[in-house]
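Hi,

Here is the structure I promised to pass on. Have a look, and then read on for what turned up in it.

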Amino acid sequence: MQEDTLRHAFDTFVRQNQACMLAYARSLAGRNRQAEDICQETLLNMYQVLERGKDIDSWKAYLWTSLRRGAQRLAEKQGRTLLSGNTRFSHLYWDDSADTRDETERALKLVDALSQQQRELIELKIFHDLSFRDIAAVLDTPMQTIASRYQSAIQTLQSQWNRTP
Amino acid sequence: MSEIEKSLNRVTPRDDGEVVMDRWQSSMDLDADPKPTGKPIWLFACAAIALAVLGWGLWSGQKIEPTDSTAPTLVSIDNNQFYTFQTQPAANRALIAGLDDFKPEYLHTGDSFGNSQLVNVGDKDITLRTGDHTSTISVQEINTSAAKALTKETQGYQKHFAADVLTQQQLTRISAIARFGQLDALHLLETISDTPGKLQTQAQDILRTVGDTSVVQQLIDHIRDGDKKTRRNALRVLGKCDSPLATSFLESLATGADSSMAANAVAMLSSRHPANALRSLRAIVDDPSTNNEIRHSATDALESFLKEMNSESK
């Protein structure tokens, strides 16, 4: 009975987060099959942690950190660097509203042109709605650094945005 | 909020990610008995409620520590009873201790396992404290539990492989288990190495190098002492190990009295790298103790090798 409850709750959790998980894993790994592997491995780990009754304060940060570490381990084994797939965000994300799609597409192309570090920050902060505190945990970087890098990325984007028609 | 932030805030993933759910459910449905025993009901209920409530929105500022693949996960539960080791993907250190005959250097006083802390490491037992409760676990029990846990873990991977959802990381874990000479994991590697797919080449590479003297010796012991299935599986694995000990053992089988094993050994030696195969086949043909039928098949194999090499050189 209790196992069913746990499984049901976790299934709901997976359903809620699957699209964002897959998109982030693809942006990290650059390859679809590997991204799916990373997601599967992360979920199995999380489920086992839950079974063990381990206290986790921020599931959001935990999930994204696990995905990133999984991708990092895979990249190291394959002798490449994380984000080397250089996947274009405009292929992974979109605006599903027809009214604003063109404008959003233009913004996404500007994000594509940012550095990898800045792109990941934008992805975590805006696309996945993580707080600076969570992003600091995911990237293992001080929160103040994260906040200033983010502001710098936004300023770059905004100036490009103002320049292009 | 800047104009561009407003635009980007409208972004959602293009793919609905259903494949993630499919693979997750496949993994769970394949696990015959993935749930540890002995956990209080309230623990599951609290965990489930926490997940449902927390969802996306709740987090605090404390640093979190996701599963560390090197962390030991020996777990002790209440009622004076020790439960088995957590299986995959961690447990490396504790499981190494169990499989490799317990060595005190693998565990250290002060190490934590779940809610327990290691307070003493001895040659024959270790002592853990959980809250006010102190318990002792014998080295023998560690070994038994570890072996059982690894067998169960490998069974899970067998099912994942059969359903084509085995991951790269799981293959790495299988190879780690195989390097301790665990036959199920070695046999699974051998099966993967024989099956066309994304992991086939890697499994072949792992198998070639997995056989250090200790693992090969364990395989030889299985072939000598195991039941029919164990002998067959161990022989298949040994046939793919590139080590001098494996080769000389196969050659000794080929020239031995057991004609069935000898025929298998010849087949395996024939499928090795041509230079090695030629050398082995010649040794079998030249050995006076080789029985006639085996000598005949080794000669055939040798001739077809030479014919092939001649045609390539022309």
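A contact here means heavy atoms within 4.5 Å. By that count, and leaving out residues up to four places away in sequence, Phe127(A) touches Phe89(A), Tyr93(A), Leu108(A), Ile122(A), Leu8(B) and Val11(B).

Before you go further: this is a predicted model, where local features need pLDDT of at least 70, side-chain atom pairs count only at pLDDT 80 or more, and totals for chains, interfaces and linings use all residues. Residues are numbered from 1 along each chain as its sequence is written, chains are lettered from A and ligands numbered from 1 in the order written, and side-chain values use heavy atoms, without hydrogens and water.

Phe127(A) is also among the residues with the most contacts inside the largest nonpolar core, which has 62 residues. Such a core is a set of buried Ala, Val, Leu, Ile, Met, Phe, Trp, Tyr and Cys residues joined through side-chain atoms within 4.5 Å; buried is under 20% relative accessible area, exposed over 50%, partly exposed in between (1.4 Å probe, protein chains only). Apart from it lies another core of 49 residues, including Leu183(B) and Leu219(B).

Now for Leu186(B). Is it buried or exposed? Leu186(B) counts as buried because its relative accessibility is 0%. Among the residues it touches, again skipping those up to four places away in sequence, are Ala178(B), Leu207(B), Leu219(B) and Val237(B). Leu186(B) and Ala234(B) are 48 residues apart in sequence, with their C-alpha atoms 8.1 Å apart in space.

Cheers
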